[in-house]
Amino acid sequence: MAEPVEITVYSRENCHLCGVALQRIETVSEETDVPVDVTEIEIDDDPELETDYGERVPVVLIEGEEAFTYTVDTEELAARLKTAG
């Protein structure tokens, strides 16, 4: 089995779009059969991250590179996972 693709999701508490992004990542991972290792980081209690991201969440990084803000495009995510995985 391939190594999982590292995905980081910067989010906030009670963030509906963040939940949608996490669900889309899981769904696309299953559909493409590309394993992912998702780390969710809530920015609410970190002043530096709050300054960096503010209301601009979710922010999704793939292998450390910013890929999506606010919404995850499933077709683009599938292509990126296949390339990274």
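Because the model is predicted, local features need pLDDT of at least 70 and side-chain atom pairs count only at pLDDT 80 or more, while totals for chains, interfaces and linings use all residues. Residues are numbered from 1 along each chain as its sequence is written, and side-chain values use heavy atoms, with hydrogens and water left out.

In general, a disulfide is a covalent bond between the sulfur atoms of two cysteines; here the term is applied to a pair of cysteine sulfur atoms within 2.5 Å. The structure holds 1 disulfide. Its partners are C15 and C18, with an S to S distance of 2.2 Å. The torsion about the S-S bond of C15 and C18 is about 75°, so this disulfide is right-handed. A residue is called buried under 20% relative accessible area, exposed over 50%, and partly exposed in between (1.4 Å probe, protein chains only). C15 has 19% relative accessibility and therefore counts as buried. C18, at 2%, counts as buried too.

Charged side chains come next, beginning with the salt bridges. A salt bridge is a side-chain nitrogen of Lys or Arg within 4 Å of a carboxyl oxygen of Asp or Glu. By this rule the count comes to 5 salt bridges. One of them brings together the side chains of R12 and D44, 2.9 Å apart from N to O. This pair links distant parts of the chain: R12 sits in the loop between β1 and α1 (16–32), D44 sits in the loop between β2 and α2, and 32 residues separate them. The element names follow DSSP runs numbered from the N terminus, with helices (H or I) of at least four residues and strands (E) of at least two. R12 counts as buried because its relative accessibility is 16%.

R12 also meets the side chain of E55 in a salt bridge (3.7 Å, N to O). Here too the pair links distant parts of the chain, with E55 in the loop between α2 and β3 (59–62) and R12 in the loop between β1 and α1, 43 residues apart. E55 is exposed, with a relative accessible area of 64%.

Another salt bridge joins the side chains of R80 and E76 (3.1 Å, N to O). Both residues belong to helix α3 (residues 74–84), where they lie 4 residues apart, about one turn of the helix. R80 has 27% relative accessibility and so counts as partly exposed; E76, at 34%, is partly exposed as well. Elsewhere, salt bridges that share partners join R12, D44, E50 and E55 into one network.

Some charges gather without such a partner. Patches are made of residues with over 30% relative accessible area and no salt bridge, where like charges are joined within 9 Å and nonpolar side chains (Val, Leu, Ile, Met, Phe, Trp, Tyr) within 5 Å. For charge, Lys and Arg count as positive and Asp and Glu as negative; His and the chain ends are not counted. The place of a charge is taken as NZ of Lys, CZ of Arg, CG of Asp or CD of Glu. On the surface, E3, E6, D37 and E63 form a patch of negative charge. E3 is found in the segment before β1 (5–11) and counts as exposed at 67% relative accessibility.

Finally, the backbone has some features to look for. Most residues other than glycine have a negative phi, and most peptide bonds are trans. In this model, a cis peptide bond joins V57 and P58, with omega about 0°; P58 lies in the loop between α2 and β3. E63, a member of the negative patch, has a positive phi of about 50° although it is not a glycine. E63 is located in the loop between β3 and β4 (65–69) and is partly exposed, with a relative accessible area of 46%. Y70 likewise has a positive phi, near 75°, in a residue other than glycine. The loop between β4 and α3 holds Y70, which counts as partly exposed at 42% relative accessibility.

Conventions. Areas by Shrake-Rupley, 256 points an atom, 1.4 Å probe, with all protein chains shown as cover.
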